[in-house]
Structures are given as C-alpha cells and as structure tokens.
Amino acid sequence: MTTYQMRERCLPLDDSWDVIVVGGGPAGCAAATAAARENARTLLLETTGVLGGMGTAGLVPWFGAYGDREKIIARGLAEHVRCALRDNMPHLKKAMEKNPLTSPAIDPELLKRVYDEMVTGAGAKVLFHSPLCAVEKSTEGTPDAIIISSKTGLSAYRAKVYVDCTGDGDLAAWAGATFEKGDKSGGLQPATHCFMISNIDEEALAKGPGIHFYDPGSPIHKAIRSDKYPLIDELHTCNIKIGPGTYGFNTGHIYDVDNTDPVSVSKALCQGRKMAVQYRNAFAEYHPAFADATLVATGSLLGIRETRRIMGNYILTVDDYLARRSFPDEICRNAYGIDVHGSSKKSAIAWAHKSIEEFKQANIQGTRPYGKGESMGVPYRCLTPKGLKNVLTAGRCISADRQANGTVRIMACCLNTGEAAGIAAAMAASAAQDVHAVDTNELRKRLKQYGAYLPDIRTSSP
C-alpha cells in the first residue's frame, strides 16, 4: 500500500477541559457523569448519534450481571440506570416486583433518553458524530491532544486527563499502551448482530415452545436442519421481551470479525442483516407466535465481544475469578460467569448437532458460574495503563486476561468501572497528578458515598 504525506496544517484547539471521555457506551456515560459530578469540566465524545453503545445503537436487549443471585451488587450509576428502566417499562416493573434480581430488559429508545439525561444532567458536554482519529503525544510520550473528525473537519482537543471508553482501547493503544488481543493465536470471539422482532403473538408464545435453544421444541432446531436458512447453523438464540409483542434478540454469531478493521466490520454488518431476516422467517415458519411478526430493526453497531485489552498495573486473571478474590483497591464487585464464546465456527456447528443436555453441561463447565452471594473484586489498577500518566480505561478494554475479560465486559460492570474512572480522572485533574497516584482509599470512599457496593476487604491480591 502506498502512503500519502499530508501537508503541515494548523488545527483549531479546544484546551478548556479537565477530563475528556472518548466513547459514549455504558462505561463512557458513567465516566462522564461521574467526572462532571465531581465538578470537573468534562467532555464526552461519541462516534455515533446516540449514547449507550451496545444497549442502544447495538440493540443488546438486556443488562446482565447486576446481582450475585442474592442481591444487587452493580450499584451507583449502574443502579440508577436499572431503576430508570424498571420505572418506565411496565412489564419489567411487574417482573421486578416478583423478583428484584430480574435482569433488566432494554427499551433502546428509553435507554437513549436515560443516558442523555444522566450525562448532561451532571453537567458534562456531549459531542455526537465526533470519532477519534489520532492521538498527539508529548515529549514524555503521553497524550498531549487528541484529534477528532466531525462536520467541521479535523479539530484538536486537550484535557488534563483522558478516559478511554472506546471498547477497543483506541486512545490508549494509539498513545502507545501495550495490549493483548484475542487468544494466543489472535483468534477473536464471534460478533452478534442483534435485532428486534415485533407483532409477536404473546399468547401463542406463552403456550410454547420456547425460543431459547435449551427448549427442545425451539424453532432453532428445525431451522438448523433446513436448507432454506443457510445462515442459521448454530444454536445461539437468546431473547427477551422489551415491549408489547416486541422481543430483542441477541442471536447468532458472525465469525472472523475484527472491530479494529473497518473492512471486516462492514462485511459483517451486511451478513448480520441477512441473518436477521432469516431468523425472522424461520421462526415464522416453525412457531405460530411469529406468523405475522415483523423484523423492525437491526443494530447500527455490531455486537463485539473482544478486541484489545489494555495492559494496566494489574492484570485481572481467571485465577482471580476462581478465587473470588478481593483487592485493597477494588472499585466494584462482579459476579458474571466466564462468558467467552468460541472462535471456531466449525466447533459451533458441531455442537448444534449434539444433545441439548451435552450443550448445557458444556456451557456450565465453560462459564463456571458463581454460587449465591459470591463475587470478585475489580481493582483500580486494571484501569491504569502502564506508561501513560494521564489516561484511564473503563469498560471492555480494561486490563484482564481473556477469560477474566469475559466476565467484566458486561454492561453493568462497564457502568461500574466507568463511574470509578470518572471520579479518579476528576481527582487526578484537580491535583495535577499522575492517574497511577490517585488515592484509592479516597476513591473508594467517594464511590461508597454514591452508593457503590464495596464490602470490607476479606482477602487481597499481591
């Protein structure tokens, strides 16, 4: 590939910010809210036209990992989001009255407004359609400014502290942080292109069979064996009600997708839209509840499970998960299982033709779920990239090995790590100090004041 040398040019610079958060998914929304709430001048930059990331633009239809099977542990701003959904979704409110630990379904339009109000209500400024396109480094090797592309052209922004909530760790990686990506051979978990189907006959659905692949009568089993639906060849069919006659589907896998490669993502989005209509048509053929159902939306973002993991002062590991470990600097607790989807399509197709019980047991063995009341801590040191004094990470790209990343990448935990990163960024900005030097006892104190679940430390890591 040839290269092009751009002429030297001056860019407009906005250096009025204490904290700049890049990426407006759950982690970014929480980080911007938390930083602004601490009176830091805060800017949130988002590539798309909405906040919420996977829960809104990506149409992931529910929040998992809020509780430890005994109580809600994703609190603070995460609990604010949960309650806002509950109070404005009648069927969800009814379900939570019966079981307070019910995973919140997501009405994506409602969630967009929840995040808008949460972030701007705290005093942060939001710029949509403003993707990060470069990081300018100082002589010390840390970010001096970031370059944003928008309808005004290229612009430079400078802050005292940056929070990378891009999911892919773009800002930190481009600033020179070390990272890991995928498995040892570079293989990545498959993506999922989520979608919504409406006009479902709920009475017929209630009579069965279920849609989930654990139900032997699920239409997925017939669809896999039919020649009519070539893009349906594995069992992944998770779904939940998000409104009257409307269900969200986190269903199907698209393999060999790298979210840092736009060619790969573009191809996957086209495939995902084809898959969504095949699922709708297959369900309509094999389940009476879907006879008149309509595919109403596919995500404008692809559901990405992994790319870069930015290496910080501590790398959270699967051993930490198995030990239910606590840390002196932990900023949240997490109880979600090891959710790492296999990167081999051949293997997934093979599992589709085994017994449901075999598949269920394999899932249990792979996820290694916790018992009631069990959880692990996530230390602040996972948010501090090595070698970068003015950058924090939050969300999917924090410092973890691949299996531990499969537990902390879930949106509820992303809200928690985002809130911690936002407070820490404001603390570092106000004291003109290195993010690695933030007083974690004070950080934990502030988190607790905002409702975080941080029980007394029982054991600690090195």
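Helices and strands are here DSSP runs, helices (H or I) having at least four residues and strands (E) at least two, numbered from the N terminus. The model is predicted. On this basis the chain contains 14 helices and 15 strands.

**Overall form**

The radius of gyration of the chain is 22 Å, close to the 23 Å that the globule rule gives for 462 residues, so the chain is as compact as a globular protein of that length. The following table collects values for the whole chain.

| Property of the chain | Value |
|---|---|
| Span of the C-alpha trace along its principal axes | about 65 × 55 × 40 Å |
| Residues that count as buried | 55% of the 462 residues |
| Contacts with a separation of 6 or more that join residues 24 or more positions apart | 75% |

**Packing of α1 and α4**

Helix α1 comprises residues 26-37 and helix α4 residues 108-121; their axes lie 8 Å apart, and the two pack at an angle of about 25°. Because angles under 35 degrees count as roughly parallel, α1 and α4 are therefore roughly parallel to each other. The crossing of these two helices is left-handed.

On the α1 side, the contact is made by P26, C29, A30, A32 and T33, while α4 contributes Y115, M118 and V119. What is the division of the residues of this contact into nonpolar, polar and charged? In the contact of α1 with α4, 7 residues are nonpolar and 1 is polar, with no charged residue.

Conventions: Residues are numbered from 1 along each chain as its sequence is written. This is a predicted model: local features need pLDDT of at least 70, side-chain atom pairs count only at pLDDT 80 or more; totals for chains, interfaces and linings use all residues. Side-chain values use heavy atoms; hydrogens and water are left out. Axes are lines fitted to C-alpha atoms, for helices over the stretch in contact, and angles run from 0 to 180 degrees between N-to-C directions. Angles under 35 degrees count as roughly parallel, over 145 as roughly antiparallel, 65 to 115 as roughly perpendicular and the rest as oblique. A crossing is left-handed if the near helix is turned anticlockwise from the far one by less than a right angle, and right-handed if clockwise. Contact means heavy atoms within 4.5 Å. Ala, Val, Leu, Ile, Met, Phe, Trp, Tyr, Cys and Pro count as nonpolar, Asp, Glu, Lys and Arg as charged, and the others, Gly among them, as polar. The radius of gyration is taken over C-alpha atoms; the globule rule is 2.2 Å times the number of residues to the power 0.38. Buried means under 20% relative accessible area, exposed over 50%, partly exposed in between (1.4 Å probe, protein chains only).
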